[in-house]
Amino acid sequence: MSVPARIFEDPAAASRVDSFALRHALAQFPQGVVAVGAEVDGSPEAIIASTFTVGVSLEPPLVTLAVQHDSSTWPKLARSGKELGISVLGRDQNGLCRQIASKDRANRFTGVEYRFHGSALLLEGVPMWLRTRIYDEVRAGDHDIIVLEILDLGFTEDAAGLVFHQHKFKTLTPLS
Ligand SMILES: Cc1cc2nc3c(=O)[nH]c(=O)nc-3n(C[C@H](O)[C@H](O)[C@H](O)COP(=O)(O)O)c2cc1C
C-alpha cells in the first residue's frame with residue numbers, strides 16, 4: 001500500500017498526523033516479536049509484543065516494551081508482582097504468536113509448549129529468553145513503557161528470529 005510521504009516542520013504538527021498514515025509509516029520499521037508472560041493464579045498468562053527494545057542499558061541490564069492501555073492481560077501480569085518471562089519468537093512461531101495474541105483467551109496455550117522459570121513463563125524452542133522483573137513504568141500516550149531488568153537469560157546461537165514488518169510476519173535472510 002502506498003501512502004504519500006509527509007514531512008512536518010513544526011512539533012505541534014505531530015498532533016495532526018492521521019492514524020492511518022502513522023500506522024503505515026511506522027510499519028516500515030522491522031520489529032522482532034516476543035511473548036511476555038508469567039504464571040498468574042496458577043495459570044499461564046502472556047501478551048505478544050513487537051515493541052520490545054534491547055540496548056537500553058547494560059548496567060543495570062534493562063530492556064523495554066510498550067503496552068497498550070486497553071490490554072486486559074497486562075494488568076494481571078503487572079499486578080502479580082512476579083517475575084516476567086520474555087520469549088523471543090523464532091521464524092516458525094508465527095502461528096504460536098497469533099494463538100497467544102488471540103481474543104480466544106481460553107485456548108491461548110492449548111498445545112503450546114512452555115515452562116515456568118520461577119513465575120516467569122518461557123516458551124520452548126525460542127531463540128532467546130529472559131527472566132525479568134519490572135524496574136520502572138512510564139506513561140506514554142495510550143501506552144505505558146515498561147522497563148524490565150534482566151535477571152537471567154538463555155539463547156541459541158544462529159537461530160532465525162521472527163520479524164513483523166509491513167503488517168506481515170517475515171524472517172531474516174543474510175545478504176550475500
Ligand atoms: C505481532 C503483534 C504484535 C503486538 N505488539 C504489541 C505490543 O507491542 N504492545 C501491546 O500492548 N500489544 C501488542 N499486541 C497485542 C497483544 O498481544 C494483546 O495482548 C493481545 O491483542 C491480547 O489482548 P489482551 O491484552 O486484552 O489479552 C501485539 C499483537 C501482535 C499480533
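## Ligand shell

Ile48, Ala49, Thr51, Ser71 and Ser72 come nearest to the ligand, out of 17 residues around it. The model is a predicted one.

Three elements each supply at least two residues of the shell around the ligand: strand β3 (43-49), strand β5 and helix α3 (94-101). The largest share comes from β5, with 4 residues. By residue class, the shell holds 11 nonpolar and 6 polar residues. No charged residue belongs to the shell.

## β5 and its partners

Strand β5 (residues 61-68) also pairs with β4 (residues 53-58). The two strands run antiparallel, joined by 3 bridges. They form a hairpin, with 2 residues between them. Within this pairing, Ser57 has Leu62 of β5 as its bridge partner.

Strand β10 (residues 143-155) is joined to β5 by 7 bridges. This pairing is antiparallel. Here Thr64 has its bridge partner in β10, namely Val147.

## The β1-β11-β12 sheet

An open sheet is formed by 3 strands, in the order β1-β11-β12, with antiparallel pairing. β1 (31-32) and β12 (168-171) stand at the edges. Each has a single partner strand, so one side of each is left without a neighbour in the sheet.

Strand β11 (residues 162-165) is joined to β12 by 4 bridges, and the two run antiparallel. Phe164 stands opposite Phe169 of β12.

Methods:
Residues numbered from 1 in each chain as written. Predicted model: local features only at pLDDT ≥ 70, side-chain atom pairs only at ≥ 80, totals over all residues. Pairing = 2+ DSSP bridges. Near = placed C-beta within 6 Å. Nonpolar A, V, L, I, M, F, W, Y, C, P; charged D, E, K, R; others polar.
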